[in-house]
Amino acid sequence: LRTAVAGGYVRELVEWGPDVVHSQCEFSTFFLARRIAEDTQNFIDLHTTVTVERAVCRLLGIDGVNALEVPLPNVVVDHLFDKGLLPGGAAYYIGNAMAETGMNPQQIAESIDRGELDLSAVAPHGIEEIRAAVMPVAEATAERIRTNVAKRNDYLNSFGDKTDPYLYVIVATGNIYEDIVQAKAAAKQGADIIAVIRTTGQSLLDYVPYGATTEGFGGTYATQENFRLMRAALDEVGEQEHRYIRLCNYCSGLCMPEIAAMGALERLDVMLNDALYGILFRDINMQRTIVDQYFSRVINSFAGVIINTGEDNYLTTADAVEEAHTVLASQFLNEQFALKAGLPEEQMGLGHAFEISPDVENGFLYELAQAQMAREIFPNAPLKYMPPTKFMTGNIFRGHVQDALFNMVTILTGQKLHLLGMLTEAIHTPFMSDRALSIENAQYIFRTMHELGSELTYKEGGIMQTRANEVLRKATNLLGEIEQTGLFATLEKGVFADIKRPRDGGKGLAGVVTKDDCYFNPFVELMHKKGGNE
């Protein structure tokens, strides 16, 4: 093992064989990613976005919709944007109105909606008076989130927590009440994490829908009320089963920080939260996404939420053998962006996937090598391992075998968040019976191979070590290129997932502004200072 120390952060990197002993591979991979993140963080620190400020509004207690069903956080931030006040931030101008009028943030939002209050016309107060008005409200919200963290910990202390991989399944009916039925059934069948898939296209909405929803396509709307309903249902079944059932949703798209805020308020446990996913796969502007991901991760860190990154998606558009190094490079970047937001390694579900074509000779060895490499390079991360999807054909018998091989890699290499493959992948959204068979498959393999990984050693200079060396070298070289050109220019070139995105293109750029000198975000101050799970 080689140890790299950076700013008090100690990191162990695995040496995969004698041909890796080069100065570049000894130090560069980790430090290159760190320098790229630091360079990008300079941009983040200077900017805010409409959804960052809407998240601030939500955390200050602004909720509900107006007569036209426009969320009140949008009403406030649109007002700030139209008046040219957004660079000062929602907290500054809401705090100024609180100091002047004595109203709370919800009352201020409602007054703006009725046309009774113009924040640009409120007499200016000093920053100390503004902060004195805002900080008690922010601290009350932080305390609510701490209480949620404590409740999660109480459940885990009472029921215990798994040391084996978490069995992770999805529900996606479009109707939150039907989702609850299916989620409870999956939990009783043995699932440890329930992910409620979002309705198709929600990531492109620049607002968060309101209330319980019963109509969605390919998934269910992510709303705070839907979060509350599912959380209560999983607590109910968890108490019956004497297991804590974790709830997962999607903190991505144009509303990343808002969904993180809602999840923190309703005690979600896992969030899909990638620094690059929205840029690559939803054509969301890179400047918007890179600013939004920072605040979303500050919130997730404070709320004790495990984030899932989306590197597995790279392999659905690019070849899993040729482009494996882009997955590793992105994992390093996602790790560094998460660290910048204060997120500990233990909450980083860095993603990868079992997506090599079954027709590749020794493909299983390559999958095993890459999973073991990820496990050793990121020893403290609860890695999220995704099942085969790209080469699932609809042949359920072959598909069940592919999923069994995937399950074997997980138990051999100590993956943690194990999203179960479905034998009916490429046919339909899973039935409850499909989930039951997938859970049974994984439980059987995890039980009968439980200690097999600790019984095996890998051949020095063999196929697996050679493969891991190759992926690590290529990832190091790629990060070196990114450091030279910058992250934004790299994304323009299409290095990740073979997808090119323009710096000034995509959705949401108009919602990015440069901060004024008066800007402050009380929640970054509170949440970055002291984690909610301490």
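A polar contact is taken here as a pair of N or O atoms within 3.5 Å, where within protein one atom must be able to donate a hydrogen and the other to accept it, and where residues adjacent in sequence count only if both atoms are side-chain atoms. The structure is a predicted model, in which local features need pLDDT of at least 70 and side-chain atom pairs count only at pLDDT 80 or more, while totals for chains, interfaces and linings use all residues. Residues are numbered from 1 along each chain as its sequence is written, and side-chain values use heavy atoms, with hydrogens and water left out.

By this criterion, the side chain of N285 has a polar atom 2.8 Å from the backbone oxygen of R503, and a polar atom of the N285 side chain also lies 3.1 Å from the backbone nitrogen of R288. N285 is placed in the loop between α10 (277-282) and α11 (286-302), helices (H or I, at least four residues) and strands (E, at least two) being DSSP runs numbered from the N terminus. The relative accessible area of N285 is 0%, so N285 is buried, a term that means under 20%, with exposed meaning over 50% and partly exposed in between (1.4 Å probe, protein chains only). When neighbours within four places in sequence are left aside, N285 is in contact (heavy atoms within 4.5 Å) with I279 and with P502, R503, D504, G505, G506, K507, G508 and L509.

Helix α11 also takes part in a helix pair. Helix α2 (residues 50-59) packs with α11 at an angle of about 25°, their axes being 9 Å apart; axes are lines fitted to C-alpha atoms, for helices over the stretch in contact, and angles run from 0 to 180 degrees between N-to-C directions. Because of this angle, α2 is roughly parallel to α11, given that angles under 35 degrees count as roughly parallel, over 145 as roughly antiparallel, 65 to 115 as roughly perpendicular and the rest as oblique. From α2, V50, T51, V52, R54, A55, V56 and L59 meet R288, V291, D292, F295 and I299 of α11. By class, this contact of α2 with α11 has eight nonpolar, one polar and three charged residues, where Ala, Val, Leu, Ile, Met, Phe, Trp, Tyr, Cys and Pro count as nonpolar, Asp, Glu, Lys and Arg as charged, and the others, Gly among them, as polar. Helix α2 is mostly covered, ten of its ten residues being buried, and α2 is followed by G61, whose phi is positive, near 100°.

A second pair is formed by helix α14 (residues 363-377) and helix α18 (residues 463-485), which pack at an angle of about 60° with their axes 9 Å apart, and α14 is therefore oblique to α18. In this pair, L365, Y366, L368, A369, Q370, M373 and I377 of α14 meet I463, M464, R467, A468, V471 and L472 of α18, and the contact has eleven nonpolar, one polar and one charged residues.

H242, in the loop between α8 (224-241) and β6 (246-250), has a positive phi near 60° and is exposed, with a relative accessible area of 54%. A426, in the loop between β12 (417-419) and α16 (432-448), has a positive phi near 80° and counts as exposed at 55% relative accessibility.
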